[in-house]
Amino acid sequence: MSVPVDQLSEPTVRAFVTAVNAGDKAAFHALLTPGATMSDDGSDRDLAEWTDREMFSSGGHMDVESESDGGLGLVVDYRNDTWGSMRTAWRFVVDGGKVSRFETGQA
């Protein structure tokens, strides 16, 4: 059973998931601090390149299974047109209402 996006505890993470699911690149990028970073399966990636490829040009969608750490940790059924569906873990660092780093990988 998934957690409805509008019930996610952390407002910035809620807005992040909403932007990804809507395919809204402008809203997504507005949620990031200057110089925000990310990693995928333990390796740092170029955030702009990775999000364009893995989220926005491939129909990325996040169905949240659970949250932890006040909403800064998620377990997500993530799917896109490239890889299909996979169970992933997400960790967020939020600074001043913006995401300064997120980490994702297989859960």
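I count two residues as in contact when heavy atoms lie within 4.5 Å. The model is predicted.

Entry on N80. I found N80 in strand β4, which covers residues 73–80. Leaving out residues up to four places away in sequence, I listed what N80 touches: E54, S58, G59 and G60. I also looked up M62, which is 18 residues from N80 along the chain; their C-alpha atoms are 9.1 Å apart. Is N80 buried or exposed? Its relative accessible area is 5%, under the 20% limit, so N80 is buried. The side chain of N80 reaches the backbone nitrogen of T82 at 3.0 Å. A polar atom of that side chain also lies 2.7 Å from the backbone nitrogen of W83.

Entry on aromatic rings. I searched the whole structure and got eleven aromatic pairs. The ring centres of F16 and F102 are 5.2 Å apart and the planes stand at 70 degrees; over 60 counts as edge-to-face, so I noted this pair as edge-to-face. F16 sits in helix α1 (residues 11–22) and F102 in strand β6 (residues 98–106), so the pair links parts of the chain 86 residues apart. Both F16 and F102 are buried.

Next I checked W90 with F102. This pair is stacked, with 5.8 Å from centre to centre and 25 degrees between the planes. W90 lies in strand β5 (residues 84–95), so its pairing with F102 in strand β6 ties together parts twelve residues apart in sequence. I read a relative accessible area of 2% for W90, which is buried, and 0% for F102.

Last, I noted a cluster linked by ring pairs, with F16, W90 and F102 among its members.

Notes: Residues are numbered from 1 along each chain as its sequence is written. This is a predicted model: local features need pLDDT of at least 70, side-chain atom pairs count only at pLDDT 80 or more; totals for chains, interfaces and linings use all residues. Side-chain values use heavy atoms; hydrogens and water are left out. Rings of Phe, Tyr and Trp (its six-membered ring) pair if their centres lie within 6.5 Å; planes under 30 degrees apart count as stacked, over 60 as edge-to-face and the rest as tilted. Helices (H or I, at least four residues) and strands (E, at least two) are DSSP runs, numbered from the N terminus. Buried means under 20% relative accessible area, exposed over 50%, partly exposed in between (1.4 Å probe, protein chains only). A polar contact is a pair of N or O atoms within 3.5 Å; within protein, one must be able to donate a hydrogen and the other to accept it, and residues adjacent in sequence count only if both atoms are side-chain atoms.
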